[in-house]
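Hi,

Here is the structure I promised to pass on. Have a look at it first, and then read my notes below.

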Amino acid sequence: MAKDKSIFTCTECGGTSARWMGKCPSCNAWNTLLEGSSEPAAGKNRFGSVHASLAPTSEVLPLAQIEAADFERHPTGIDELDRVLGGGMVEGGVVLIGGDPGIGKSTLLLQAVDALQRSGMNTLYVTGEESGAQVAMRSRRLGLPDSQVPVLPEIQLEKILHTLQSRQPGIAIIDSIQTVYSDQLTSAPGSVAQVRECAAHLTRTAKSTGTTIVLVGHVTKEGALAGPRVLEHMVDTVLYFEGDTHSNFRLIRAIKNRFGAVNEIGVFAMTEKGLKGVSNPSAIFLSQHAEPVPGSCVMVTLEGTRPLLVEIQALVDSGGPSPRRLSVGLDRDRLAMLLAVLHRHAGVACMDQDVFVNAVGGVRISEPAADLAVMLAITSSLRGKALPKGFIAFGEVGLAGEVRPAPRGQDRLKEAAKLGFKVAVVPKANAPKKNDKAFEGLTIYPVERIEEAMQVVRGLD
Ligand code: TYD
Ligand code: MG
């Protein structure tokens, strides 16, 4: 009797192993191997035909002879969403949208698909997580009781594909890809193999029919899309929802976009009637302190094309024998590095202290331009001395203690001046060369090294 060949698939990278191991042999992540065959059931070909490999190939043409057709785009009418998409949904494009539960994925997509339906497009909303009644309740809540969006409560891939073939919608939402399963596979619904295979089938359908497909994906506690990373490679656009579910503001970030710029963000506020775009978001992540407090430093981050002011908070407190370094919204390894630079080049020692840093409002800041603000917030907390009122800082700090310029520094300074900030400590190369009205009211201190920045701050006490 043939032995059942089981395969273990990594939830992180999608790599496989013939036996269970604690560590994935491909990406070295721990405890990510799950049992589940990535092979189709015996006798069936993944692509539907045993002779697929013998089929004639497409014609080979030099690039110059291939017509560079622009993509057909359909704006959803939700400006902030269109902005991250690069102008709207693209025909035959596949969008993956991830985010924590309850952050507003279903809400936004229902709003978008309803707007498209109203503009005359044929749409389809496939719901696997909620019943039709629940989706109907949401549409009432959104003030869309007359919505004509066709809803299909279904989780079986073959039935979904059949409906897509017969209805030929312009856009279809799959909420969510983790609930979809195929009969053709032996592994359990929700397993890596299922998610990957179902997404591949849906992607192929999108390409062959021209239907735009939006896949909703769950996010694990660590922030990665549950299921294999390969989902990200398969689709054209990957959008992530960010933000604190406790606050009303939500960010959508494009981390991959074959049809537009990445790192563009869309900003929304969750209201009683769904998500509303915030067209001028620069100040929404500032927390309000009546008077400056120690451990707080505002930075200007540049998300896509718009500068955004974000408060960085730090708390330095005496720790135990092995002090902790924790960061929320900022990179923890980078924090360790910055602490070492602070010690070595500015003589600020936090060796026996717990250090916590936080980017306020649930934003994630990945750009190194946050370095200077993080270091100034830490020093401010350690000294118990607040930075002056209306203070901002940004700039990357290198291992040698040098302060490097941030991209489009002047735009950042202009935004700070516009919002009434008074004092700025910035990399020398970012300081404006000539007097410009746009910086009026803002005293700018250009610095080249971290110790220089510390000196400036001490001089402002
Ligand atoms: P939802 O779109 O269901 O989140 P996801 O699909 O990402 O899991 O969002 C649900 C949350 O949004 C829920 O906590 C209620 C809130 N909400 C509003 O505040 N206003 C609204 O109009 C709607 C529809 C939801
Ligand atoms: Mg949902």
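A residue is near a molecule if one of its heavy atoms lies within 4 Å of it. Please keep in mind that this is a predicted model.

Let me begin with the ligand. There are 16 residues around ligand 1, and Gly102, Ser106, Thr107, Thr271 and Gly274 come nearest. Sorted by class, this shell holds six charged, six polar and four nonpolar residues. At least two shell residues each come from α2 (105-118), α3 (132-141) and β13 (265-271), and α2 gives the largest share, with three residues.

A side-chain N or O atom of threonine 107 is 2.5 Å from an oxygen atom of ligand 1. Backbone N or O atoms also approach ligand oxygens: one of glycine 102 at 2.7 Å, and one of glycine 104 at 3.0 Å. Ligand 1 taken alone exposes 560 Å², of which the protein buries 76%.

Now to strand β11 (residues 237-242). Six of its six residues are buried, so β11 is largely enclosed by the rest of the structure. In a regular strand, side chains alternate between the two faces of the sheet. Here Thr237, Leu239 and Phe241 are buried on one side, and Val238, Tyr240 and Glu242 on the other.

What about its partners? Strand β6 (residues 94-99) runs parallel to β11, joined by four bridges; isoleucine 97 has leucine 239 as its bridge partner. Strand β12 (residues 249-257) is antiparallel to β11, with six bridges, and tyrosine 240 pairs with arginine 253. β11 and β12 form a hairpin with six residues between them, where glycine 243 in the turn has a positive phi of about 125°.

Best wishes

Key:
Residues are numbered from 1 along each chain as its sequence is written. Chains are lettered from A and ligands numbered from 1 in the order in which they are written. This is a predicted model: local features need pLDDT of at least 70, side-chain atom pairs count only at pLDDT 80 or more; totals for chains, interfaces and linings use all residues. Side-chain values use heavy atoms; hydrogens and water are left out. A polar contact is a pair of N or O atoms within 3.5 Å; within protein, one must be able to donate a hydrogen and the other to accept it, and residues adjacent in sequence count only if both atoms are side-chain atoms. Accessible areas come from the Shrake-Rupley method with a 1.4 Å probe; for residues, only the protein chains shown count as cover. Ala, Val, Leu, Ile, Met, Phe, Trp, Tyr, Cys and Pro count as nonpolar, Asp, Glu, Lys and Arg as charged, and the others, Gly among them, as polar. Buried means under 20% relative accessible area, exposed over 50%, partly exposed in between (1.4 Å probe, protein chains only). Two strands pair if DSSP finds at least two bridges between them.
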